[in-house]
Amino acid sequence: MRAYFERQQYLIDYALAALLRRKARNLGLLLVYTLLVFLFASVLLLSQGLRREAAILLQDAPEMIVQRLVAGRHDVLPAVELETLRRIRGVGEVRGRLWGYYYDPVTKANYTVMAAPERNLSNDRMLIGIALSRVRQVGVGDVLSLRAADGTPALFRIAGVLESTSELLSADLVLVSAAAFRTLFQMPPDQYTDATLTVRNPREASLIAQKISLALPASRPLLRTEILRTYHAVFDWREGITFLCLAPLLLAFLVLAWDKAAGLSPEEKREIGILKAIGWETGDILRMKLWESALLSLTAFLIGYLLAWWQVFYAGGRLFTPVLKGWSVLYPDFRLTPAVGLAQILVLLAVTTLPYMVATLIPGWRAAITDPDAAMRG
């Protein structure tokens, strides 16, 4: 066993020396290789981080949301239907929600306005998200004017700015009292945007959703698990579109790698012929070429992956964030928690390293089985 490891160490030393003898060629390939790994790893790490962030945030989401549909569109929910929901066996607490979108012509962005009874806000007070505070350049104590649905101005004094730790959810959020919300959107007191409810036995959530659909045929119950699956589907779709855009770069790299690896120079063929003449076996030459390609590809993979890690988790992931997050005027500014999957690393290794290693072994094997005298004479 010791002799085997010593033999591999000698092969690694020789492969490293061979790479250093062709610095210019290998350095160019290393730079392109690193860029490819960096781009693909950035997409994988960012999408995985966003999925994890969505899963953590949705842990506190309502177990079930019930919306009313009219002609396939989301409509207001009459307060009388809340009593129907409470009478369904297995349903716990039922609460009507008030929320909607407000278009601000100043920032040309949509705000999410929500009634927050638990905050005990007076009718002329509001809480705003930190992204909205940055864009409008307002803070605690300032007055923010909104235009009600009937055209009259509604003045609110900012009572607080929501914490930056929740910015993914609260970037464009405006919290007001229930009375202020109804005044702003001219919503009658017997109507709600939708309803949230708890389920006494979480295992029966799907069954209760079916009961709700039978009791209120015009309703649409949404489970928390379904919302999470929707988020995952959206991230998968956007990730696939991004990879599709990067596919030409991968194809160009594979062509470059094949050209660089398959086209052995006369010096390399002569070198292999000399090694064969002094007693190297074909297996030793193949192992040496394998170590040569492995050193180059793994170095590029390590550098590219570490750069992608820094770019996503410490530099804000700004390269692909607009694509994977979605377009918005008010971008939330938050730092993702590092999340890495072993399966992702293995897939990235297979896509970026295996083609190059195979491309180096084939010409090396052809040169190794050539007569040493013919190889040395070119």
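Keep in mind that the model is predicted.

Let's start with strand 1, residues 64–70. Which strands does it pair with? Take strand 12 to begin with, residues 194–199. Three bridges join the two, and they run antiparallel. Look at Met 64: it stands opposite Leu 197 in strand 12.

Next, strand 13, residues 219–223. Five bridges join strand 1 to strand 13, again antiparallel. Here, Val 66 has Pro 221 as its bridge partner.

Then comes strand 2, residues 73–75. Three bridges join strand 1 to strand 2, and this pair is antiparallel too. Val 70 stands opposite Arg 73. Strands 1 and 2 form a hairpin, with two residues between them. Find Ala 71 in that turn: its phi is positive, about 55°.

Now to helix 7, residues 205–215. Which of its residues are buried? Ala 205, Ile 208, Ala 209 and Ile 212. These residues sit on the same side of helix 7, because they cover an arc of only 105° around the axis. And what does the face turned away from that buried side carry? Two exposed residues, Gln 210 and Leu 214.

So much for the two faces. What do the buried residues of helix 7 pack against? Strand 1, strand 12 and strand 13 are among the elements. Helix 3, residues 80–86, and strand 4, residues 91–97, belong to the list as well.

Methods. Residues numbered from 1 in each chain as written. Predicted model: local features only at pLDDT ≥ 70, side-chain atom pairs only at ≥ 80, totals over all residues. Heavy atoms only, no water. Pairing = 2+ DSSP bridges. Helix = DSSP H or I, 4+ residues; strand = E, 2+ residues; numbered from the N terminus. Buried < 20%, exposed > 50% of the residue type's maximum accessible area, 1.4 Å probe, protein only. Arc of directions from axis to C-beta. Contact = heavy atoms within 4.5 Å.
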